[in-house]
Amino acid sequence: MSRIVLGMMRIESMSKEELTHLLEFALSKGITKIDIADIYGGTRCESLLGEVFKDRFDLRQSFYLQTKVGISLEGTGYDCSKDYIISHVNACIERLQCGYLDGLLLHRPDIFMDNEEIGKAFWELEMSGIVRRFGVSNFNASQIRYLSKKLRAPLVCDQVQLGLGNLTMVEQTFMTNVPSDKTSKEADDLFFYLKEHEITIQCWSPFQAGFFEGSIFDWDSYPEINTALYNLAKKYQTSKCAIATAFLLALTKDIEVVIGSTNPAHIQEAIDGESIRLSKSDWYELYKATGHFLP
């Protein structure tokens with residue numbers, strides 16, 4: 001199975017036929033996991049995928065399907081209450097015409113979330129047979145610890161923004177016992193917490209800089225990163241995208257890269273990264289090329 005996940009955030013303008021072909025292409029390349037969310041396209045992305053599944057339930061059965069809820073569709077902010085989770089999961093399943101979800105993620109932490117209430121929601125969804133596994137997205141270690149205390153089954157993943165253009169979680173691991181002016185802007189043990197508990201890291205927007213500030217492959221905006229990627233792509237006889245993917249996959253065995261592209265050629269480049277084994281020296285040189293301090 002591929003560690004590349006097919007992200008569905010940008011499918012809103014596709015036709016049903018185009019999306020069907022995209023799913024068939026992904027499946028032919030070993031990609032067997034789909035990531036979507038109720039807010040993508042204002043629910044349109046789930047509805048479009050559901051139109052495909054209605055005619056091609058064989059495709060539904062071929063993929064591990066996960067969606068995300070918790071960002072309010074009715075107002076501002078987040079909602080992880082029991083009633084909200086259950087009602088919106090049912091709405092997701094209806095739009096997706098999928099019968100059940102392989103995975104459900106809480107999209108973002110809600111300051112008002114109650115772990116006991118969420119635990120009951122997850123248990124009810126699991127017992128009803130419409131959700132099989134649970135995870136989170138954009139949660140830090142303390143939030144996962146809090147939530148896990150009331151869950152009957154362990155969380156299977158945490159989806160976070162991670163890539164050469166946003167390495168906060170990785171940077172934190174190096175910032176122990178360094179001068180105060182070099183310390184990470186955040187202090188969290190998320191990476192090794194997830195590694196210890198064998199919770200899969202799912203990297204969203206792996207090729208974006210900052211918070212949707214642009215592609216890391218833009219030479220003019222990110223010359224140092226692109227020079228390093230170009231040199232390594234030449235060394236390993238592959239593309240810059242494949243190197244950027246290999247950089248992430250090298251971190252731990254429990255990591256997946258969520259690709260938001262709908263272009264088969266770009267998806268293939270990410271898939272190529274699965275077969276590349278960067279040396280540790282090359283990995284650290286690429287890390288330094290992003291401008292991060294390495295003690």
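Student: Before we start, when do two strands count as paired here?
Tutor: Two strands pair if DSSP finds at least two bridges between them. Keep in mind that this is a predicted model.

Student: OK. How do β2 and β3 pair, and over how many bridges?
Tutor: Strand β2, residues 33–35, pairs with β3 in the parallel sense, over three bridges. Ile34 has Leu65 in β3 as its bridge partner.

Student: And what joins β3 to β4?
Tutor: Four bridges, and the two strands run parallel. The bridge partner of Thr67 is Leu104 in β4. The chain gets from β3 to β4 through helix α4, residues 82–96. That β-α-β crossover is right-handed.

Student: Is β3 largely enclosed or open, and why?
Tutor: Six of the six residues of β3 (64–69) are buried, so the strand is largely enclosed by the rest of the structure.

Student: Which residues point which way?
Tutor: Tyr64, Gln66 and Lys68 point one way from β3. Leu65, Thr67 and Val69 point the other way. In a regular strand, side chains alternate between the two faces of the sheet.

Student: Switching to α9. Which residues are buried?
Tutor: Ile225, Asn226, Ala228, Leu229, Leu232 and Ala233. Seen down the axis of α9, they fall within an arc of 160°, so they line one face of the helix.

Student: What does that face pack against?
Tutor: The buried residues of α9 pack against α10 (240–249) and α12 (280–289).

Student: What's exposed on the other side?
Tutor: Glu224, Lys234 and Lys235.

Student: What span does α9 reach, first C-alpha to last?
Tutor: Its 14 residues, 223–236, reach 20 Å, close to the 20 Å expected. Just after α9, Gln237 takes a positive phi of about 55°.

Terms used
Residues numbered from 1 in each chain as written. Predicted model: local features only at pLDDT ≥ 70, side-chain atom pairs only at ≥ 80, totals over all residues. Heavy atoms only, no water. Expected span 1.5 Å × (residues − 1). Buried < 20%, exposed > 50% of the residue type's maximum accessible area, 1.4 Å probe, protein only. Arc of directions from axis to C-beta. Contact = heavy atoms within 4.5 Å. Right-handed = clockwise from strand over helix to strand, strands pointing away.
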